[in-house]
Amino acid sequence: MAVNYNYDAFIPENFMPQMRFDKSPALGKPGPDFPLWKIEDRSETSLHAVCASNALTVVEFGSLT
Amino acid sequence: MNKLADDYADRGMGSIFLYTQEAHPGENYPPLTSMEQKFANAADLRDKLGVTRQIYADAFEGDCHWGYGSMPNMTWIFNAKGVPLYKSDWSDAASAENAVAYFLDVETRRKSGEVLVPFNVERLDYRNNDTRAFFEGLALAGPKAVEEFKKAFG
C-alpha cells in the first residue's frame with residue numbers, strides 16, 4: 001500500500017509510485033475482492049457483489065479532481 | 001461513459017464509478033482526510049459533473065484502487081464472477097464500448113453453440129486528447145492543481 005495515498009500535492013514523488021498498471025491483476029483469472037461503500041447511504045458491499053448483478057460490469061476509477 | 005452505461009443497461013451490462021483519491025488536490029478539493037469528505041466529494045462528482053452511474057467509495061486508503069494498479073483514471077470490465085476481462089490505464093468510452101460489444105457477442109456465439117476458449121491479446125487503443133477540457137476539469141480543484149500539473153508535465 002502506498003504510504004502517501006491521499007497525497008497533498010501532485011508532484012512526481014507522490015504520484016509516480018502509484019502508476020502501477022504493470023503490476024495490476026491479470027485478465028482471465030478471478031480478481032481480488034474489496035469492500036466498497038454506496039455513497040448515498042454508506043452501505044457496504046464489495047466489488048464482486050456488484051459485479052454479480054450483471055453479465056458484464058464496467059468499473060471506472062477516478063475522482064472529481 | 002454515462003452514455004455507454006445507458007446504451008447497454010438493458011443488455012446485461014452494469015456500470016459503476018469507483019471514487020478513489022483526489023489525484024489533483026487543490027484549494028477547492030484538498031487532499032482527503034476522512035471518509036465523510038470522500039463521500040461528499042463523490043456526491044459533488046454526481047451533482048456537479050453529472051455522473052449518472054452508481055458511485056461507490058473505495059476504502060480511505062484506496063485498497064481496491066491500489067489492488068488494481070492505482071492509475072488515476074482507469075477502467076476495468078469484469079464478468080459476473082469478478083474475473084477481469086479488460087483493463088485500460090485511461091478511461092475512454094469508445095474503447096470500453098468496443099470491448100463490451102465484443103464480450104456480449106461472445107455470449108451470443110456461445111449460446112448459438114460455438115465452442116470458444118480465451119486467449120491473450122495486447123493492443124494500443126487511441127483516445128481524443130482534449131487538452132482544453134482537461135484543464136477546465138482540473139481548474140475545478142483550484143489554481144494549485146493547475147500549477148502542479150503544469151510543473152510536472154510542462
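**Exercise 1.** Which residue forms a salt bridge with Arg42(A), and how far apart are the closest N and O atoms?

*Solution.* Start with the ground rules. This is a predicted model, where local features need pLDDT of at least 70, side-chain atom pairs count only at pLDDT 80 or more, and totals for chains, interfaces and linings use all residues. Residues are numbered from 1 along each chain as its sequence is written, chains are lettered from A and ligands numbered from 1 in the order in which they are written, and side-chain values use heavy atoms, with hydrogens and water left out.

Step 1. Apply the salt-bridge criterion: a side-chain nitrogen of Lys or Arg within 4 Å of a carboxyl oxygen of Asp or Glu.
Step 2. The partner is Glu36(B), with the closest N and O atoms 2.9 Å from each other.
Step 3. Count across the two chains: three salt bridges join chain A and chain B.

**Exercise 2.** Describe the interface between chain A and chain B.

*Solution.* 
Step 1. Take contacts (heavy atoms within 4.5 Å). On chain A, 49 residues touch 75 residues of chain B.
Step 2. Take buried area, the accessible area (1.4 Å probe) that two parts lose on being put together, summed over both. The two chains bury about 6,200 Å², 63% of it on carbon and sulfur atoms.
Step 3. Glu60(A), Phe61(A) and Leu64(A) supply 15% of the area that chain A buries against chain B, more than any other three residues.

**Exercise 3.** What is the strand order of the seven-stranded open sheet, and which strands stand at the edges?

*Solution.* 
Step 1. Define the elements: helices (H or I, at least four residues) and strands (E, at least two) are DSSP runs, numbered from the N terminus. Strands pair if DSSP finds at least two bridges between them.
Step 2. Read the order: β2(A)-β1(A)-β2(B)-β1(B)-β3(A)-β3(B)-β4(B), with mixed pairing.
Step 3. Locate the edges. β2 (44-46) of chain A and β4 (84-88) of chain B each have a single partner strand, so one side of each is left without a neighbour in the sheet.
Step 4. β1(A) and β2(B) (residues 54-57) run antiparallel, joined by two bridges. Lys38(A) has Tyr56(B) as its bridge partner, and Trp37(A) has Ala57(B).

**Exercise 4.** Which strands does helix α4 of chain B lie across?

*Solution.* 
Step 1. Helix α4(B) (residues 93-111) lies across β3 of chain A together with β1, β3 (75-79) and β4 of chain B. Against β4(B), α4(B) runs at about 165°.

Conventions. Axes are lines fitted to C-alpha atoms, for helices over the stretch in contact, and angles run from 0 to 180 degrees between N-to-C directions.
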